Amino acid sequence: DIPLDMNKELLDPHEHDYPELVVEELQAGYRQARCLAFNRRGALLATGCHDGSCILWDFDTRAGPTKILNEKEAPGISSAVVAVSWSHNGRRIVTAEEKGRVRMWDVESGTVLYATRFESVSLTVQVNPKDPDVFLACPNQGEPVVINVRDGSQTEIVGSQVPEGTASAAPRNTKGGVELQRNYSACFDSEGGLVYVGS
């Protein structure tokens, strides 16, 4: 009998057990995915695509798109989805597009529950973990915004941008003549009561 760990000492301790090649692909015609997010249970996958659609996949079966979230629009209006987030209960999805539009979708019906547009792209969106009617969007040029779908209110996280000279040399925008760092990411804490912002 040959011991199974005979060559264990020859293995690189920092090497991980990753596959060396892709075994499967998820395909949905001509659409190209730009971002993705699993639901909380890891069974469904949402992919934001270059044509403005969001494709939902049953990741267990990989049998093809389960649903395609996309409004019927005139050609040339759609913009690539760059961020996507599931609600905790899996019934809602928020998408952010390159041209600044952010939408909340009802997963079951495929309809848009709320839509707004910012002056710049939101690189991060997140549904509040405790309230599926509230989500966070982080426009690249501006303050992160908490949006309540029930009443349509938008609350800016004021003071989240850092004056120049107090942080690293990142791309800047201005507000009131003062150069500010751009926000690139924002998220709720696990209880949904705090917002963390990164630049």
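Modeller: Leaving aside neighbours within four places in sequence, R92 is in contact with S85, W86, S87, M104, W105, V107, L113, P132 and D133, where contact means heavy atoms within 4.5 Å. This is a predicted model, in which local features need pLDDT of at least 70, side-chain atom pairs count only at pLDDT 80 or more, and totals for chains, interfaces and linings use all residues. Residues are numbered from 1 along each chain as its sequence is written, and side-chain values use heavy atoms, with hydrogens and water left out.

R92 belongs to strand β6, which covers residues 92–97; strands (E, at least two residues) are DSSP runs, numbered from the N terminus. R92 counts as buried because its relative accessible area is 18%, buried meaning under 20% relative accessible area with a 1.4 Å probe and protein chains only. One of the residues touched by R92 is D133, and the side chains of R92 and D133 also make a polar contact at 2.2 Å. A polar contact is a pair of N or O atoms within 3.5 Å; within protein, one must be able to donate a hydrogen and the other to accept it, and residues adjacent in sequence count only if both atoms are side-chain atoms.

Of its 199 residues, 41% count as buried. Among contacts between residues at least 6 apart in sequence, 36% join residues at least 24 apart.

Conventions: Helices (H or I, at least four residues) and strands (E, at least two) are DSSP runs, numbered from the N terminus. Buried means under 20% relative accessible area, exposed over 50%, partly exposed in between (1.4 Å probe, protein chains only).
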